[in-house]
Amino acid sequence: MTTDLLDRKLERAFAHLDADDNGVIDEKDMIALGSRLLTALAEPADSPKAAEVFRGLTDFWVDLFNELGVGQDQKLTPEQYRDGMTRLYKDGGPAYEKSFRPMMKAMLTVVDTNGDGHISPEEFHKAQLAFDTRLEPAAADALFERIDKNHDGYLSVDELLDAVREYYTGQDEDAPGNLLFGEL
C-alpha cells in the first residue's frame, strides 16, 4: 500500500517516462529517456558513460518486469508501474541497491558533463530540461539549493542520489527530493 504522496510522485514519474505519451511505458520509452539525457548533455551515444546509462536502464527495466511477472515485450500501465516501483523500492533495500541506484548513478555521472565530480547549477538545469520537468529557472535554482546539503554551490552525485531516494521512497511531504519533477 502506498501513501497519497508516494502515489502522486510515482504518477508524475510515470508521465515523464512515457515519452510517446501513449499511456504505457515500454522499452522504447526507456530508450527515449536515455537518449534524451545524452542529447541534452551532449554525451556521445557510443561513450562508456552512455553504455552505462543504457545498461542501468535495462537492468532497472528487467527487475521491474520480473517483479510484476510480465514478459519483457509487454507495456506497463500507470497502475503496474506504481505497484512494481512500490514493491521494489519503497523501503530501499536490495532491489534499490541492485538496479535503481546504479541506473541513477550512471545518469547522474552523465549530468556531470565536465567530469569534476560535482554537478553545477548549469549542469543541473540541463538535466532538468532532459527530464522535461518544466521547472521554471527560479524553481530549479531553489531546488538545487535545497538539495545542496553542504551549501558548497555544487551537488555531489551522492546529494542527488539522496534526493532521488527521497522522491521514490520517501513519505516526508517537505523533502526536497519531492520536487525533482516539479510541483506535485
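Tutor: Let's start with Ala 42, an exposed residue with a relative accessible area of 66%. As for the labels, exposed means over 50% relative accessible area, buried means under 20%, and partly exposed is in between (1.4 Å probe, protein chains only).

Student: Before we go on, what kind of model is this?

Tutor: It's a predicted model, where local features need pLDDT of at least 70 and side-chain atom pairs count only at pLDDT 80 or more, while totals for chains, interfaces and linings use all residues. Residues are numbered from 1 along each chain as its sequence is written, and side-chain values use heavy atoms, with hydrogens and water left out.

Student: Back to Ala 42, then: where is it found?

Tutor: Ala 42 is in the loop between helix 2 (27-40) and helix 3 (48-68). Helices here are DSSP runs of H or I with at least four residues, strands are E runs of at least two, and both are numbered from the N terminus. Ala 42 is not a glycine, yet has a positive phi of about 55°.

Student: And what is the phi of His 151?

Tutor: His 151, not a glycine either, has a positive phi of about 55°. You'll find His 151 in the loop between helix 7 and strand 2 (155-156), and it is exposed at 66% relative accessible area.

Student: Zooming out, how many helices and strands does the chain have?

Tutor: There are eight helices and two strands, and from the N terminus on they run α-α-α-α-α-β-α-α-β-α. The radius of gyration, taken over C-alpha atoms, is 15 Å, close to the 16 Å of the globule rule for 184 residues, so the chain is as compact as a globular protein of that length. That rule is 2.2 Å times the number of residues to the power 0.38. Along its principal axes the C-alpha trace spans about 45 × 40 × 30 Å, and buried residues make up 46% of the 184.

Student: What share of the contacts comes from residues 24 or more positions apart?

Tutor: Contact means heavy atoms within 4.5 Å. Of the contacts with a separation of 6 or more, 60% are between residues 24 or more positions apart.

Student: On to the rings: how many aromatic pairs are there?

Tutor: Seven, from a search of the whole structure. Rings of Phe, Tyr and Trp (its six-membered ring) pair if their centres lie within 6.5 Å; planes under 30 degrees apart count as stacked, over 60 as edge-to-face and the rest as tilted. One of the pairs is Phe 100 with Tyr 168, edge-to-face at 4.8 Å centre to centre and 65° between the planes. This pair links distant parts of the chain, with Phe 100 in helix 5 (residues 94-111) and Tyr 168 in helix 8 (residues 157-169), 68 residues apart. Both Phe 100 and Tyr 168 are buried.

Student: How about Phe 124 and Phe 144, edge-to-face or stacked?

Tutor: Phe 124 and Phe 144 are edge-to-face, 5.5 Å centre to centre with 70° between the planes. They join helix 6 (residues 121-130), which holds Phe 124, to helix 7 (residues 137-147), which holds Phe 144, 20 residues apart. Phe 124 and Phe 144 are buried too.

Student: Which residues form the aromatic cluster?

Tutor: Phe 60, Phe 100, Phe 131, Tyr 167, Tyr 168 and Phe 181 form one cluster.

Student: And Arg 101, what is it in contact with?

Tutor: Leaving aside neighbours within four places in sequence, Arg 101 touches Tyr 96, Asp 158 and Leu 161. Arg 101 is in helix 5 and is partly exposed at 25%.
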